[in-house]
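Have a look at the structure below and pick out the helices. Let's walk through how some of them sit against their neighbours.

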Amino acid sequence: MSDSSPSPDPPAHQLGVRPLRKEDASDIRRISEALYARIHTSWSESSFLRLLDIFPEGQIGIEDHGRIVAFAFAIIVDYEKFGDTHTYDQITGGFTFSTHDPEGDVLYGIEVCVDPGHQGLRLGRRLYDARKEVCEQLNLRAIIAGGRMPNFSKHPGLTPRQYIDGVKAKEIYDPVMTFQLSNDFHVKKVLRNYLRGDTESQAYATLLEWNNIYYQPKESVLGQRSFVRLGVVQLQMRGTPDIGSFFDQIEFFIEAVSGYQSDFICFPEYVNAPLMAPFNADGAAGAIRKLAGLTDEIREFFVMKAVEYNINIITGTMPLYRDNLLYNVTYLCRRDGSYEEQYKIHITPSEEKDWGMVGGDRVRVFDTDAGRIAMLICYDVEFPELGRILAEEGVQILFVPFCTDTSPGYHRVRYCAQARAIENECYVVVAGSVGNLPKVTNMDIQYAQSAVFSPSDFAFPNRAIVSEATTNTETTLIADVDLHDLANLHSYGSVRNLQQRRSDLYQLVWQKNEAE
């Protein structure tokens, strides 16, 4: 018995984005004539074929059941040759496209068209997404386009500025500008006499720009980084007889983490505290000052190992006695042999009472071969102002060596670190110590769960936790983070904490004069 059930109806639409081809020329002419007949200009087949021959990568189409129903054209230009005041004829070389420059820096959009019968399907957004991909793949700094203002003639009482402001506020609908603004373009300038014959726009146009956040100047393209591998050591505090034994233990972790091709390894606060036990007889303040006498030697050890194992090291912190003042300092030891230091800014009541420690007066962001990083020491991460200052300097990864003795202390650090990651749109690494050091003041017991935190949005892990260690166990973490996700978040996140700050209402000011 044969199957007499009817065949399913074909889908109403079968859409696909693809590069345009020569055989699409007749569809290009048909769509263009339908859209532009009223302003007496349209694309001829010969003009399209000339453009396609010059720059095929920039010409994108959408097909429906095999037939082109929307398209977008672009060329590359050296934008400095034109500047922000130009006409459509000038930018296209009078439709010869002689202005196309493969060595230019801007992808200039010269056309977007959607067949009238296919409007309402958001095909323009697909074309713009594809154009943005071309811009990123070719490492061009921006997309720029001149946008008609076809509804401007319907508002005779408005100036161009008032009209644009009305479109931005969504009080006026303009089919070109409303679409461009919704695709993350911004208005750079108002142009006069941009497109001949455009009476609907009354000779006006907007110059629109989309910035490629992944753009790298051509001389540094080979050095750009996306994924960064982080190593975190949750170190056990244990009795250590001498500095040689301490070095052996530290080198064990450096060798292990570098074996996974990590870009960074981060140790906890007071990493060298086990070496303080022999000085107990000198009292708490005397013991830590004697421990500070080892800091230079330990720092040089870390500098040497960073080069030897090809890994950037956040040393954890050590006491530093300088100019008769006791500080808590951590070092960034780069794998090229250079190093930087960051002082703890906020000293806890116990550090001040038991040790007579004082705080530093400067926070900095440091460039590395794997991103822009900064360091805040334990208690410092509980002060949101510091994280925001670093965010304004472009920090991508914030390292927080910490040392806490109880669960409440640890969770103060943890929750504040997670808040810093979200509000400053960066990764935050917290590295703590576990175990115990009997009879060492302020270091007798430890509580930690080291972790790597991220912002909270779709590109990042659930609960904004990249990785976390087992609580109160000596271990390591290895975690990969993507710096491009941060760049994307800054401009296109569901919310944009940095971009949308109300600087018209409030500002953060660093009072200390760095020249003092």
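Predicted model: local features only at pLDDT ≥ 70, side-chain atom pairs only at ≥ 80, totals over all residues.

A quick idea to start with: two packed helices are described by the angle between their axes and the distance between the axes.

The crossing is right-handed. On the α1 side, the contact is made by Ala25, Ser26, Ile28 and Arg29, while α2 brings in Glu45, Phe48 and Leu49. Sorted by class, this contact has 4 nonpolar, 1 polar and 2 charged residues.

Now jump to helix α7 (residues 243-258) and α9. Here the axes come within 11 Å and cross at roughly 30 degrees. Angles under 35 degrees count as roughly parallel, so α7 is roughly parallel to α9. This crossing is right-handed. From α7, Ile243, Phe246, Phe247, Ile250, Glu251 and Ile254 meet Glu297, Ile298, Phe301, Phe302, Lys305 and Glu308 of α9. That contact divides into 8 nonpolar, no polar and 4 charged residues.

Last stop: helix α8 (residues 283-292), where Ala287, Ile288, Leu291 and Ala292 are buried. Why are these four on the same side of α8? Because they cover an arc of only 145 degrees around the axis. And what covers them? Among the covering elements are α9 (295-308), β10 (312-322), β11 (325-333) and α10 (349-355).

Conventions:
Residues numbered from 1 in each chain as written. Heavy atoms only, no water. Left-handed = near helix turned anticlockwise from the far one by under 90°. Helix = DSSP H or I, 4+ residues; strand = E, 2+ residues; numbered from the N terminus. Contact = heavy atoms within 4.5 Å. Nonpolar A, V, L, I, M, F, W, Y, C, P; charged D, E, K, R; others polar. Buried < 20%, exposed > 50% of the residue type's maximum accessible area, 1.4 Å probe, protein only. Arc of directions from axis to C-beta. Axes fitted to C-alpha atoms, helices over the stretch in contact; angles between N-to-C directions. Parallel < 35°, antiparallel > 145°, perpendicular 65-115°, else oblique.
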